[in-house]
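Dear colleague,

I am handing over the structure below, which you have not worked with before, and the notes after it set out what was found. Please read them with the structure open beside you.

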Amino acid sequence: VQVLLATTSADAASTKPAPALPANILAVVSGLVSALEMNARKYRPNTVLEQLFLVNNLCYIIKHMRSDALVAVTGPKLLRSFDSQLQQLLQQYYTASCSKAAAALQAVEVRWKKPNVELVKPCCDAIKAAFVSFSSAFFEQLTTQTHYAVPDEDMRRTLIARLKQDLHVPYLAFYAKYEALPFSKHKDKYVRYSPDAIDALIDTFFTDT
């Protein structure tokens, strides 16, 4: 690409029609993205890994388009298109990573059998189920995403921050509201993680090199 972008003063002064360089580069880059999308399908049905593969590669392409001044040749339209595609991929990744765990944290109506002493059984069961379901869904992501890699440090920080927003923040709120309630005599059977543990464990995602 650097050779293709190189020009001389003679080239600039030439009255000959310029070659269709932008179109050629557009075709190459667009073809590369299409090939990546096809290659990503091999990870199905693992939607998280499929989207993360595309995020890593599209992030790489976008950064190099900017740093190698390709935008000056192709124009900003292609870069805007890739940026938009990257945002869509990120949203799909977040949904696949977090929706199951977040859905477990539904509000539970607190009803007392004996005020401040004993909750009614359906209330206890609902709180137990929420903690167990969240822990199971989070553990599923933990055991896989710690083995994934995100080479770009900026992107890794972005992913970590959003995962904490979508997982740690709602869990912290749920934990603060329900953990202290007497829903079980053996809470450790249901409450597998503290909020601090969730926060720390998310930091271990994408540590595979």
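**Cavity and its lining**

The largest cavity holds about 50 Å³ of space, and please keep in mind throughout that this is a predicted model. The structure has one cavity of 30 Å³ or more. The residues that line the largest cavity are V33, L36, E37, L54, L58, I61, Q85 and L89, and the elements that give two or more residues to this lining are α3 (21–40), α4 (47–67) and α6 (76–103). Sorted by class, the lining of the largest cavity consists of six nonpolar residues, one polar residue and one charged residue. As background, rolling a probe the size of a water molecule over the atoms is what shows where empty space is left.

**The chain as a whole**

The chain has nine helices and two strands, and from the N terminus on its elements follow the order α-α-α-α-α-α-β-β-α-α-α. Of the 209 residues in the chain, 37% are buried. Among the contacts in the chain with a separation of 6 or more, 75% are accounted for by residues 24 or more positions apart.

E50 has a relative accessibility of 8%, and because buried means under 20%, E50 counts as buried. When its neighbours within four places in sequence are left aside, E50 is in contact with A40, R41, Y43 and R44.

R44, which is one of the residues in contact with E50, is joined to P45 by a cis peptide bond, with omega at about 10°.

**Around A104**

A104 lies in the loop between α6 and β1, and with a relative accessible area of 14% A104 is buried. Leaving aside neighbours within four places in sequence, A104 is in contact with A130, S133 and F134. From C-alpha to C-alpha, A104 and I127 are 9.8 Å apart in space, and 23 residues separate them in sequence.

**Two residues with positive phi**

N116 has a phi near 60°, which is a positive value, and N116 lies in the loop between β1 (112–114) and β2 (118–119). F206 has a phi near 65°, again a positive value in a residue other than glycine, and F206 is found in the segment after α9.

Which of these residues is buried, and which is exposed? N116, at 68% relative accessibility, counts as exposed, whereas F206, with a relative accessible area of 4%, is buried.

**How α8 and α9 pack**

Two packed helices are described by the angle between their axes and the distance between the axes. For helix α8 (residues 153–178) and helix α9 (residues 195–202), the angle is about 170° and the axes are 9 Å apart. Angles over 145 degrees count as roughly antiparallel, and α8 and α9 are therefore roughly antiparallel to each other. On the α8 side the residues that meet α9 are I160, L163, K164, L167, H168, Y171, L172 and Y175, and on the α9 side they are P195, I198, D199 and I202. By class, this contact of α8 with α9 brings together nine nonpolar residues, one polar residue and two charged residues.

With kind regards

Technical notes: Residues are numbered from 1 along each chain as its sequence is written. This is a predicted model: local features need pLDDT of at least 70, side-chain atom pairs count only at pLDDT 80 or more; totals for chains, interfaces and linings use all residues. Side-chain values use heavy atoms; hydrogens and water are left out. On a 1 Å grid over the protein atoms alone, a cavity is a set of points where a 1.4 Å probe fits but cannot get out, and a pocket is an open set with protein on both sides within 12 Å along at least five of seven lines; lining residues have an atom within 4 Å of a point. Grid points are joined across faces, edges and corners, and a volume is the space filled by probe spheres set on the points. Helices (H or I, at least four residues) and strands (E, at least two) are DSSP runs, numbered from the N terminus. Ala, Val, Leu, Ile, Met, Phe, Trp, Tyr, Cys and Pro count as nonpolar, Asp, Glu, Lys and Arg as charged, and the others, Gly among them, as polar. Axes are lines fitted to C-alpha atoms, for helices over the stretch in contact, and angles run from 0 to 180 degrees between N-to-C directions. Angles under 35 degrees count as roughly parallel, over 145 as roughly antiparallel, 65 to 115 as roughly perpendicular and the rest as oblique. Contact means heavy atoms within 4.5 Å. Buried means under 20% relative accessible area, exposed over 50%, partly exposed in between (1.4 Å probe, protein chains only).
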